[in-house]
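Colleague: I have a model open and I'd like to learn how to read it. Could you walk me through it, feature by feature?

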Amino acid sequence: MTGGGRTSKIALAALVLALGAAAGGCSGTDAEPIPRVTQPTDLPSQPTPTDTPTEGESGPGTPSGSLGGPPEVVDTLVEGLEVPWGVDFLPDGDAVVTERISGRVDRVGTDGEVTPLGTVAGAVPQGEAGLLGVAVSPDFETDRTLFLYLTTDTDNRVVRAELDGSRLGRTTVVLDGIPAGFIHDGGRIAFGPDGHLYVTTGETGNPDLAQDPQSLAGKILRITPDGDPAPGNPDPDSPVWSLGHRNVQGLAWDDEGRLWASEFGDSEWDELNLVEKGGNYGWPEVEGAGGDASYIDPQLVWPVDQASPSGLAFADGHLWMAGLRGQRLWRIVVSADGKASKPRAFFGEEYGRLRTVAVAPDGLLWLTTSNRDGRGEPTPDDDRIIRIQP
């Protein structure tokens with residue numbers, strides 16, 4: 001799965017689309033590994049586990065290098081949430097936070113005040129499913145609209161609702177018919193720089209769906225706010241933007257407008273992918289980097305017990321990736337030409353399972369725990385939102 005034929009692979013994936021028109025448990029306390037780096041011309045190779053900072057990186061007790069010192073915890077903003085999953089920010093700096101199991105939508109102020117906005121009817125919190133991602137409309141100041149991703153008895157779907165003062169209005173379906181399962185439901189939604197809504201879906205435990213261009217499972221979708229396939233999609237009649245994904249739960253755009261996605265692996269390698277239009281990322285034919293020219297290689301991979309990544313954010317030239325099973329926050333350098341490198345982990349096991357990381361308007365990172373999801377070891381304070389200075 002090397003990237004030497006990247007252009008041809010993207011074209012092939014786009015043609016396929018046109019023609020077709022768990023992470024669990026707790027990690028140990030052993031040393032941090034440096035994830036395997038797979039550049040476009042590399043073949044798969046094994047890394048040597050180490051927690052030594054990479055060249056140019058600063059480590060504990062050493063002067064800051066070119067990448068700066070470690071992130072600092074500002075405060076624990078909120079305690080006692082029930083599996084916070086989606087986080088997005090309103091124009092005034094407050095956040096909208098979803099709770100997966102309760103189906104509740106909260107407004108969280110920068111002072112830590114939590115205001116329940118309502119509960120989304122029809123959300124089914126089984127397995128990894130329930131009320132998942134949230135995205136604030138780019139035109140919120142005029143349309144007062146929130147977009148939500150949830151699992152129902154029959155499918156996964158994207159809905160929207162207006163925020164009337166401090167109350168969430170009735171939901172309207174934007175896109176339904178996304179396959180749902182007990183596991184691998186995707187669920188991250190975010191508006192891109194192009195103003196379109198990007199939606200991640202999992203393959204629901206049925207790997208073959210990821211390669212089926214007719215299925216919405218195991219994909220990254222790109223739609224308009226009304227739910228139509230966005231202009232410029234590989235197939236103009238399909239919402240599918242990329243395929244061959246196992247379970248993407250993290251999306252972020254860098255300063256150049258490039259889309260990055262974090263993806264759960266199966267038994268070997270979690271992935272960080274640079275997402276291209278029409279790209280095929282290989283699952284289930286390949287996990288991690290496979291050297292197959294039919295697919296696009298991940299830029300970085302991690303052993304599954306060191307990551308199990310969900311949330312992804314971009315701030316100050318770095319990607320920030322939250323790990324569930326890995327119980328740590330990864331910082332990754334992104335170069336001007338779109339290469340990811342020099343990953344380093346922070347907060348190893350300090351806060352337990354980490355679900356979502358999001359960049360607030362003031363530049364701080366909001367990091368949510370996921371210790372009450374049935375797979376963690378919650379403390380009386382869980383679940384929490386922690387604010388971090390990157």
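**A strand and its surroundings**

Modeller: Let's start with strand S14, residues 219-223: five of its five residues are buried, so the strand is largely enclosed by the rest of the structure. Keep in mind that this is a predicted model.

Colleague: Which residues of S14 lie on one side, and which on the other?

Modeller: Lys 219, Leu 221 and Ile 223 are on one side, with Ile 220 and Arg 222 on the other. Each of these is buried, and both faces of the strand are covered.

Colleague: How do I read the pairing of strands in a sheet?

Modeller: The general idea is that strands of a sheet pair through backbone hydrogen bonds, in a parallel or an antiparallel way. Here, S14 is joined to strand S13, residues 197-200, by four bridges, and the two run antiparallel. Strand S15, residues 240-243, is also antiparallel to S14, with three bridges between them.

Colleague: What about the loops? Where does Asn 233 lie?

Modeller: Asn 233 is in the loop between S14 and S15.

Colleague: Is Asn 233 buried or exposed?

Modeller: The cut-off for buried is under 20% relative accessible area. Asn 233 has 5% relative accessibility, so it counts as buried.

Colleague: Which residues is Asn 233 in contact with, leaving aside neighbours within four places in sequence?

Modeller: The contacts of Asn 233 are Arg 222, Ser 238, Pro 239, Val 240, Trp 241 and Lys 277.

Colleague: Now the aromatic rings. How many aromatic pairs are there?

Modeller: The count comes to seven aromatic pairs. Take Phe 347 and Tyr 351: their ring centres are 6.0 Å apart and their planes stand at 65 degrees, so this pair is edge-to-face. Phe 347 is buried at 13% relative accessible area, and Tyr 351 is buried at 11%. Elsewhere, ring pairs link Tyr 198, Trp 241 and Trp 253 into a cluster.

Colleague: And the chain overall?

Modeller: The protein chain has two helices and 26 strands. Of its 390 residues, 58% count as buried. The accessible surface is about 14400 Å², with 47% of that belonging to carbon and sulfur atoms.

Colleague: How should I read the confidence?

Modeller: The mean pLDDT of the protein chain is 87, with 83% of residues at 70 or more. Over residues 1-66, though, pLDDT stays under 50. The model still has 157 contacts beyond four places in sequence for that stretch.

Conventions. Residues numbered from 1 in each chain as written. Predicted model: local features only at pLDDT ≥ 70, side-chain atom pairs only at ≥ 80, totals over all residues. Heavy atoms only, no water. pLDDT = per-residue confidence, 0-100. Contact = heavy atoms within 4.5 Å. Buried < 20%, exposed > 50% of the residue type's maximum accessible area, 1.4 Å probe, protein only. Areas by Shrake-Rupley, 256 points an atom, 1.4 Å probe, with all protein chains shown as cover. Pairing = 2+ DSSP bridges. Phe/Tyr/Trp six-rings, centres within 6.5 Å; stacked < 30°, edge-to-face > 60°.
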